[in-house]
Amino acid sequence: MLQHLAGGRVDLMMGRGNMGPVYPWFGQDIRNGIPLAYENYALLHRLLREDVVDWQGKFRTPLTGFTSTPRPLDGVPPFVWHGSIRSPEIAEQAAYYGDGFFHNNIFWPKEHVQRMVALYRQRFEHYGHGPADHAIVGLGGHVFMRANSQDAIREFRPYFDHAPVYGGGPSLEEYMEQTPMTIGSPQEVIDRTLSFREIVGDYQRQLFLADHAGLPLKTVLEQLDMLGELVVPVLRKEFEALRPAGVPDGPPLHPRVLAAEAARAAETVVA
Amino acid sequence: MKALPARSLVVVSAGLGQPSTSRLLADRLSVAVDRYLRDVGVEADIEVIELREYAQDLTNNLLTGFPSPRLQASLDAVLGADGLIVVTPIFSASFSGLFKMFFDVIDRDGLAGKPSLIAATGGSTRHSLAIDYALRPLFAYLNAAVVATGVYAAAEDWGGAGVAGVAADSRLVERVDRAARELAAAMLAGPHRAPADPFEAPVPFEELLRWNSASGRGADD
């Protein structure tokens, strides 16, 4: 439905939920986390592609002659990302279907990010969806900026020290060194983000975590402004310049798929 | 004659003092294992990890969910070792908290089948069974191949008059020797095989799907 309202500008990201107590809210059990993700997506994948589906699985009631509506806009299912922090099985799933793989790239050292993405790329090629460096990769990243890096550090430190997800362990400096977290000037955020492509290869999507550690709303909105004005335009330009020919600059979203189909049709007519 | 390949022996000591009694016991054990390996012409690469140097890193690992680079290096050393000696002081009737933290953050499957020797120190012999009711179950859970003899050293084992004319210290020497011989034999019995790395040899998706429909057990069960 959202896809219709948004004129196709929708992609879908799936995550499993990582806490035992969350699963029972949906009548499920975390020990079935991976099998559930596999089964649910196998069904969704068919529902998005087949008008009438007969289906039987383990975690829900069977479907006979079932049609999911509304049908995907122009017959193009939304592009799907499989998000995973640490389950190689989910990277495998993304690769199997030739879908995108999103790694949150926060809270973890780069060696881990590298292993997860490398596995996905290698398996994407294995399943015949194209060369490994054409696989569709998205990353996260946590940032906080001020015009001067010293001001950014000074302002963010108390939030870092007292945030349940960050505080009490390593110092802010150690944490920045050991994870992709970047607290500093816009230029430092740009440089650090560009370095991600040296870790995982050319990738297609960057999500920034800006609302974290209990920052006030006003501060978060300032961060969004700085990202939009000072960081993202430079990153787009730089990534574009660095990307080798042939590597996709973005996932195959609905408008691109339609445009490609139209171009193919036009060629056929000319021929 | 072709030289036999060297064996790596990693010693984990959770002693807090410097020097600590646990470290002294650890050294006696590793020297004895080294001697048994040399007797059959095998070189031992010995690395000692003093957990007190990683106390902050271990706390940070529990809070952040990932090890610092230096802690990672020590975890990797343990995972890659052909044999393992672990020594902890007994605090409040069990291994020390610092000792447990290290084995809480290590890869749960990484010690499977690894030849290991468990040892502990304490102020009194009354805690000697902690070897068998605390340490042995922990390493059984981790599927380590723990040798039959565990070594507990109390204050009175380090010299003293002993009983009936036998020096207390000589009994400790005997236990150290027996445990070391058992560990050396286990290390020589064959190279320890590391568990399969899911990143090196991924399970094909079709197979994962088949498990799904067959047994209801997930790949992470």
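**Close-up views of the predicted two-chain model**

Buried residues (20 or more other C-beta atoms within 10 Å of their own, with C-beta atoms placed from the backbone) account for 29% of the 271 residues of chain A. The model is predicted: local features require pLDDT of at least 70 and side-chain atom pairs pLDDT 80 or more, whereas totals for chains, interfaces and linings use all residues. Residues are numbered from 1 along each chain as its sequence is written, and chains are lettered from A in the order in which they are written.

**View 1. Strand E4 of chain A and its two partners.** Strands (E, at least two residues) and helices (H or I, at least four) are DSSP runs numbered from the N terminus. Four of the five residues of strand E4 (residues 79–83) of chain A are buried, so this strand is largely enclosed by the rest of the structure. Strands pair if DSSP finds at least two bridges between them. E4(A) pairs in the parallel sense with strand E1 (residues 11–14) of chain A over four bridges, and with strand E5 (residues 100–103) of chain A, also parallel, over three bridges. Trp81(A) is the bridge partner of Met13(A) and stands opposite Gly100(A) in E5(A).

**View 2. Packing of helices H3 and H4 of chain A.** The axes of H3(A) and H4(A), lines fitted to C-alpha atoms over the stretch in contact, come within 8 Å and cross at roughly 30°, an angle taken between N-to-C directions on a scale from 0 to 180 degrees. Residues are in contact if their C-beta atoms, placed from the backbone, lie within 7 Å. H3(A) contributes Pro88(A), Ala91(A), Glu92(A), Ala94(A) and Ala95(A), and H4(A) contributes Met116(A), Leu119(A), Tyr120(A), Arg123(A) and Phe124(A).

**View 3. The side of chain A that touches chain B.** In this view, 24 residues of chain A are in contact with 19 residues of chain B. Helix H2 (33–49), helix H3 (88–97) and helix H4 (110–126) of chain A each supply at least two residues of that side of chain A.

**View 4. The largest nonpolar core.** A nonpolar core is a set of buried Ala, Val, Leu, Ile, Met, Phe, Trp, Tyr and Cys residues joined through C-beta atoms within 7 Å. The largest has 54 residues, and Leu29(B), Val33(B), Ile85(B), Ala119(B) and Leu183(B) have the most contacts inside it. Helix H6 (residues 168–188) of chain B gives the largest share of this core, eight residues.

Definitions and conventions:
Buried ≥ 20, exposed ≤ 12 C-beta atoms within 10 Å, placed from the backbone. Contact = placed C-beta atoms within 7 Å.
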